[in-house]
Amino acid sequence: MTLPPPLDRAPLFREMTAALSAMPDPAASEHLRLFEDEAAHALGTAHAVAVSSGTAALHAALSVCGIGQGDEVLVPALTVIMTVAPVCALGATPVFVDSDPATLDLDYEDATRKVTARTRAILPVHLWGRMGDPGALATFAAEHGLAVVEDAAQAIGTVRDGHPAGTIGTVGCFSMKDGKILWSGEGGLLTTASSTVAEHARAFRSHWQPTPPGEAPLGRLATNSRLAAPLAALALANLRRLPGLVERRRAQTRYLLNALEQVPGLSALPPAKGEEWNGFSPLLHIAQPRSRAFAEHLAQQGVPNSTGSFRLVPCDTRPMFPRPRQPCRGAAEILNRTLAVVLAEGDTQATLDRYADIVAQAAA
């Protein structure tokens with residue numbers, strides 16, 4: 001099995017040169033307008049709004065949904081702190097929900113137990129590009145009258161049961177940080193079918209201007225989370241390469257999983273039925289007795305991974321939140337037993353062969 005060569009990067013340099021030649025442009029960026037129009041078309045949604053980060057996309061999306069002081073938002077414990085920070089920034093309380101180790105999906109029985117009169121939204125996270133059951137999510141949200149804000153930061157290109165990631169709920173949020181499949185160095189994107197939501201998000205990213213119809217300019221406290229013109233140019237160039245970028249990531253993941261197929265104590269975690277996974281991160285179940293220490297050792301040996309390199313733990317155990325009376329044990333089991341290798345577009349066959357050799361030696 002061989003890995004296809006990297007994609008041509010010449011379009012990135014052309015768009016960056018065009019953006020720089022037009023600067024300074026205080027009014028707006030033509031690349032930004034083009035990117036938003038083409039992103040909406042590519043992702044099959046009516047509107048796309050570009051912002052400065054994936055966190056900023058979540059912040060704007062939760063504001064759109066009216067989340068504020070005294071509200072509660074259901075959030076998987078199986079996520080990173082960046083998902084939760086915007087909830088807290090708006091004065092709301094994150095309520096952590098467990099996940100099912102067998103499926104990586106939300107534990108809806110646990111979620112049901114945690115719904116209160118103050119619960120206003122649910123924030124599912126498609127970690128490692130893997131989607132939960134879109135039908136179960138939509139049904140749960142409808143039964144409890146909740147807005148759905150999808151954290152699809154790692155899931156661009158994933159589709160489940162015909163539903164692309166980011167199109168199930170009120171708003172879908174993506175990250176374009178380095179390492180993401182669609183990248184611009186730093187940046188974010190939110191998608192929606194609602195013009196009202198898009199207008200609010202555009203106002204929110206620029207200190208409430210231009211304002212939505214019927215509202216006063218600068219009439220609300222908002223943020224400066226605009227996407228800079230050179231980054232919009234990178235985002236546009238990569239958007240036009242997106243099918244190739246998704247297929248490259250899938251090919252990289254297939255290649256590494258194939259190389260590790262016979263390694264004892266490791267087994268690939270296949271996508272769910274009906275899921276067209278973007279292959280964001282090769283996922284393997286670790287059957288080693290000290291699984292987290294195994295992942296940490298791999299990170300020290302040069303194989304970047306979620307738990308070993310970034311010390312990913314269930315969010316309900318983070319020190320900035322009250323100590324949970326009942327920790328989310330399913331999320332803990334998933335993180336302790338999953339090797340999620342971190343990939344980038346530029347990872348070559350030689351890079352992946354080196355990762356495979358290190359993992360095989362460590363497992364032996």
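Colleague: Phenylalanine 96 and phenylalanine 321: buried or exposed?
Modeller: Both are buried, which means under 20% relative accessible area, with exposed over 50% and partly exposed in between (1.4 Å probe, protein chains only). This is a predicted model: local features need pLDDT of at least 70, side-chain atom pairs 80 or more, while totals for chains, interfaces and linings use all residues. Residues are numbered from 1 along each chain as written, and side-chain values use heavy atoms, without hydrogens or water.

Colleague: How many aromatic pairs does the whole structure hold, and what makes phenylalanine 96 and phenylalanine 321 one of them?
Modeller: Two. Ring centres of Phe, Tyr or Trp (its six-membered ring) must lie within 6.5 Å; planes under 30 degrees apart are stacked, over 60 edge-to-face, the rest tilted. Here the centres are 5.1 Å apart and the planes 65° apart, hence edge-to-face.

Colleague: Why is the pair of tyrosine 108 and phenylalanine 140 called tilted?
Modeller: Their planes meet at 50°, with centres 5.4 Å apart, so the pair falls between the two angle limits. Tyrosine 108 is buried, and so is phenylalanine 140.

Colleague: How do you know that arginine 130 lies over the face of tryptophan 277?
Modeller: A charge counts if NZ of Lys or CZ of Arg is within 6 Å of the ring centre and within 35 degrees of the ring normal. Arginine 130 is at 4.8 Å from the ring centre. Likewise, arginine 249 lies over the face of phenylalanine 280, at 5.1 Å.
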